[in-house]
Structures are given as structure tokens and as C-alpha cells.
Amino acid sequence: MPGLIRNPLPLCAVAGLAAAVLLLWLQHAWFSSMPWLSEVPFWHSDRWLLELPLVLAVLLVCAWPAGRSRTAWFVGALAGAVPVAAAWHAIDLCCRSLNRPPGLGDVLLLRELLSADPWLGMCTIGLLLGLTAALFASFICWCRDRSWRERISAALLRCLLGLAVAVAFTSGPARSWWLERVDFHTWSDLHNAKDYGRLSASWAVTARGIEQRQSLASLPPPTDAPAFPCGAVAHPRNVYLLLLESLVDPRDLAEPVPGAVPAELVAALPPDGRFDHCLAPVFGGCSAQSEFELLSGAPALAAIGPIEYLAFGSRPCDGLVASAAAAGYRTVLAYGAGNEFFNAPRAHAALGFSERHYGNTDPWGTRNPADRFITDADLQQGVLDRLREGTDQRPCLVLIVGMEGHQQGSHFPRDRNRFPDVVSSLDPVSHALANLFHWRAKALAGTLARLARDDPEAIVLLLADHQPAALTGVRAVPAGRYAVPAALLVGGRRIAIDGRHMHELPWLLWGLLRDADPGFPSPTALRQRYAAILGSQLRD
């Protein structure tokens with residue numbers, strides 16, 4: 001004790017750590033209601049069993065008492081709270097935008113996020129840098145009055161401490177040990193963040209992803225039996241799949257916006273211009289998961305990170321597109337965005353598209369300088385023009401992915417000179433979505449009218465990929481976060497698809513082409529089959 005009195009710097013460091021814990025506790029207490037979840041946290045008896053060790057581990061690794069003064073030691077220890085607070089805010093941001101806590105695999109999506117929404121991408125990177133900024137700042141301050149030997153020794157010791165922490169939480173035995181002691185919910189990662197802590201929920205998502213990836217990679221190669229039915233088509237007709245980014249019908253909002261539905265849509269979708277509603281696998285982003293379900297006919301697994309497409313290699317994958325190609329169909333993809341998202345080129349080729357046209361590679365539509373992506377009207381009409389001009393007369397399966405509704409930050413960009421406001425709402429998000437819907441619906445109605453005239457026997461499936469992240473809280477759609485507008489027309493006749501999951505639609509389409517019911521295997525059987533296929537992709 002006399003030694004501590006003569007040299008109180010270690011006590012200052014302990015006081016800094018205690019202050020960091022207190023500040024984090026106050027932050028947690030003030031924001032415990034979670035800005036992205038309206039329910040009050042339920043205090044599980046083992047709530048802090050993993051969250052508190054994770055917080056203390058970050059504090060120990062990142063706290064670095066600096067300099068020779070008491071204040072420097074106190075501030076250096078207190079700085080360990082910065083990465084914890086930054087991590088909590090980053091997790092909140094992901095929960096608000098994507099309706100789930102992030103895992104380690106989400107780091108792979110940073111490039112796509114920067115391309116799609118630079119502002120949100122830079123904010124995310126800033127938060128991630130905040131995880132390490134305090135550590136480096138404290139280390140630089142500490143190095144001012146130290147010899148090179150002391151600097152190297154301290155850096156090595158801190159690296160060893162970080163490695164020990166990583167092993168204690170991420171190694172196989174450690175993951176099993178923690179999962180045996182923390183009874184995470186199996187039905188909601190959001191509620192895991194609420195009930196067990198933000199860091200714990202992200203740790204659970206990462207641990208589950210590692211286990212699933214290892215399980216997939218260890219599966220035997222898939223058998224020769226196809227996961228999706230194939231064979232000759234009894235009644236060849238063209239199939240048009242229109243997947244529309246974040247299409248929202250303003251009539252579906254909690255406070256509907258009147259006057260946004262154009263008369264052309266009412267005529268194109270009898271009897272009243274209303275859509276059915278299908279269930280998408282995602283909310284707020286990760287559109288490739290909806291594509292995966294629509295093209296493969298299998299539920300999105302999210303077993304190897306957040307996006308299945310990221311695992312695709314050169315090996316072909318069964319599904320609607322591959323079966324149509326085997327039946328003699330021309331398979332065409334037209335994208336309103338570039339090809340830099342979600343490993344799209346390799347995934348689309350593996351799924352069976354022989355012709356692929358992206359916004360930055362041989363586009364089938366012209367982008368106006370005022371638009372970030374090719375608009376729905378320009379893309380859809382451009383595709384129909386190219387198909388009519390071509391010499392290939394085979395029946396075709398065409399996927400047209402419109403990106404006009406992509407949310408950028410809290411805005412939905414639109415060229416107001418070309419697409420002016422036609423309705424108004426006091427809520428800025430509802431106002432933007434309603435006006436965007438009006439012009440997208442007019443484009444959609446024009447496409448349906450042209451197909452009814454030029455290709456009256458065609459099968460047309462149109463649907464949104466997911467709801468935008470802005471539809472939370474008071475703006476939430478009463479039908480639920482995963483309900484998206486959809487409609488199916490066969491020879492101009494409406495076919496009811498209300499309440500169907502997106503992965504059921506390819507089976508329905510294939511049955512229409514073969515004039516037979518293809519049957520729909522259980523989701524469990526499909527998951528097992530596609531798990532083997534994706535496992536083989538990982539081994540490529």
C-alpha cells in the first residue's frame with residue numbers, strides 16, 4: 001500500500017476503468033429501450049453472462065494508460081470505453097437498417113454499401129474506425145517518453161492479450177462453452193440484442209455463421225438428383241420476372257397517402273389496381289437474398305454470412321433459370337445497377353443466365369445523367385426493345401431488376417424535373433415513397449400494356465425485393481415487415497399469390513409452364529439440398 005501511495009498511477013488507471021464501466025452502464029440504461037425496438041428489455045438472469053465479459057475484454061485490450069501524469073493514466077484507461085460505445089452504436093445502426101444485429105461476415109458487404117449508399121457507408125466505416133481509434137491514440141501518447149525496447153515489448157504484450165481474448169471468445173471450444181451457458185433465443189436475433197446485450201447478439205450471429213460455414217463445407221457433394229424439377233415444357237411461353245427495389249404501395253402504409261395510384265395501374269391490374277402481397281426473406285437491404293429465393297426456389301439460408309451469393313463460384317446451381325435453360329429457353333438478365341454488388345456476376349452465371357446486362361456492362365437501358373440508376377421505365381422498355389430487335393426467337397425467361405427505389409441515407413433520390421411531385425404528405429418519407437410509387441407504377445403499367453399487346457400469352461411476375469429500411473416505427477407497414485407488393489399474370493389473367501413466400505413462386509411458375517403441379521418439397525428438404533450445393537461452391 002505505501003508503494004501505491006508513492007506511485008498512484010496504477011490507481012488512476014483503475015479509476016479510469018471504473019469510470020469507463022460507469023459511463024457505459026449509464027449509456028446502456030439511458031438507451032435500453034433500443035431506438036429500433038419498441039419493447040422494453042426483458043432482464044434475463046444471464047443477461048450479463050457474456051455481454052459483461054465482452055465489454056471488460058474490450059476495455060482491457062483497448063485501455064492504455066499514457067504518459068507520466070495521473071490525468072494521462074486516468075484518460076488512457078477511460079479511452080477503452082470508446083470502442084465499446086462505437087460498437088453499440090454500430091450494432092444499433094444495423095438493427096435499425098437491416099432488422100438484425102451484424103456479424104463478422106457483414107464486413108464483406110462494406111464495398112457494396114459504399115457503392116450503394118456512400119453516406120451510410122462512410123458513417124459505418126467511421127464507427128468501425130472508432131473501435132480502434134482510442135487504442136492507437138493512447139498507444140501513440142504512451143510512446144512519447146518510452147524507449148524503443150519498451151514500445152516493442154508493450155506492443156507485443158498487447159497483441160498477446162488480444163490473441164488470448166480472441167481465443168477465449170472465438171475458438172471452437174470457447175464458442176461451444178459460451179453457447180452452453182447463454183440460452184440465446186432461436187427465434188429472433190433482434191430480441192437477443194435486446195435481452196442479452198448488443199455485443200452478445202453480434203457474437204452469437206458470428207458464432208452461428210462460423211458453425212454453419214464449417215458444416216456446409218464438410219457436407220458431401222450434392223447428388224445428381226436436381227434440387228429443382230426439370231424437363232420439357234408443355235406450353236412454351238415467355239416469362240418476365242420484374243423485381244423492383246423497395247417498391248412500396250402507399251395504400252399499404254400505416255397512414256395511406258391518397259391519390260398516388262395512377263389510372264393506368266388500375267387498368268393494368270384489374271379489378272382495382274391493387275397488388276397481392278408475398279413474403280420476402282429480408283427487410284431493409286440484402287436484396288440478393290430475395291433474388292436467390294426467386295431464382296433457386298429455396299429458402300434463403302443466410303448460412304455463410306448474410307448473403308448466399310457471396311459463396312457462389314463457377315459450379316452451376318439448380319433452380320428455375322437452370323431448368324428453363326435446359327428446356328431450351330433463352331435466359332436473360334437486365335440490371336438497373338452495376339455488377340459490383342454481392343458477387344452478382346458469378347452468382348448469376350452459376351444460376352443459369354446466359355446473357356447478363358448490368359448498368360455498367362452492356363446495359364439494356366440508358367441512364368439519364370440526373371439518375372443514379374437506370375429508371376424502371378427506361379430499363380423495362382429498353383429490354384423489350386432489345387428482345388424484339390433480336391434474331392433469337394426461342395422462348396425467353398427474363399429477369400429485370402429495377403433499382404429506382406433504392407434508399408440513399410434517409411432519402412429516395414428522384415429527378416424531379418422528369419418525375420415531379422403529384423401528391424403530398426406531411427411525413428417526408430411517405431411523401432417521397434408515394435410520389436416515387438406513382439411514377440414507377442406508370443412505368444409498370446406501360447410495360448404490362450405493351451406485353452398485353454405484343455406478347456399476350458406471356459407469364460409476368462412482378463414484385464418488390466423488400467421493404468425499405470425507412471419503414472420502421474410509426475411508418476411500419478401493418479401487414480408486417482416482410483410483406484411486399486406482388487402480382488402474377490398469365491395470359492393477362494390474374495393468379496392469386498397473396499401470402500406466398502418468395503421461394504414458392506418459382507415452383508408455381510414451373511408448374512404453369514409444364515401445365516402440371518410440380519409439387520413443393522418441404523423447406524427443410526430444400527435447405528438440406530441447397531446446403532450441399534452451397535457447400536460444393538465453397539470448395540471450388
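Predicted model: local features only at pLDDT ≥ 70, side-chain atom pairs only at ≥ 80, totals over all residues.

Q: OK, how many salt bridges does a search of the whole structure find?
A: The search turns up 14 salt bridges. One of them joins the side chains of E504 and R500, at 3.3 Å from N to O.

Q: And E504, buried or exposed?
A: E504 is buried, with a relative accessible area of 18%.

Q: What about D392 and R394, how do their side chains meet?
A: In a salt bridge, 2.9 Å from N to O. D392 is partly exposed at 27% relative accessible area, and R394 is partly exposed too, at 40%.

Q: Switching to rings. How many aromatic pairs are there in the whole structure?
A: A search finds 9 aromatic pairs. Take F228 and W507: the ring centres are 4.8 Å apart and the planes sit at 55°, so the pair is tilted.

Q: Where do F228 and W507 lie?
A: F228 is in the loop between α11 (198-218) and β1 (239-244), while W507 is in helix α18 (residues 505-514), so the pair ties together parts 279 residues apart in sequence. F228 is buried at 2% relative accessible area, and W507 also counts as buried, at 6%.

Q: Which residues do ring pairs link into a cluster?
A: F169, W177 and W178.

Q: What lies over the face of F283?
A: R481 does, at 4.6 Å from the ring centre.

Q: Now helix α17: what span should its residues give?
A: At 1.5 Å a residue, the 27 residues of α17 (428-454) should span 39 Å, and the end C-alpha atoms are 39 Å apart, which agrees.

Q: How many residues of α17 are buried?
A: 20 of the 27, so the helix is mostly covered.

Q: Last one, the surface. Which residues make a nonpolar patch?
A: L157, L160, L163 and V167 make one of about 410 Å². L163 lies in helix α8 (residues 148-170) and is exposed, with a relative accessible area of 51%.

Note on methods:
Residues numbered from 1 in each chain as written. Heavy atoms only, no water. Phe/Tyr/Trp six-rings, centres within 6.5 Å; stacked < 30°, edge-to-face > 60°. Helix = DSSP H or I, 4+ residues; strand = E, 2+ residues; numbered from the N terminus. Buried < 20%, exposed > 50% of the residue type's maximum accessible area, 1.4 Å probe, protein only. Lys NZ or Arg CZ within 6 Å of the ring centre and 35° of its normal. Patch = residues over 30% accessible without salt bridge, like charges linked within 9 Å, V, L, I, M, F, W, Y side chains within 5 Å. Areas by Shrake-Rupley, 256 points an atom, 1.4 Å probe, with all protein chains shown as cover. Salt bridge = Lys/Arg side-chain N within 4 Å of Asp/Glu carboxyl O. Expected span 1.5 Å × (residues − 1).
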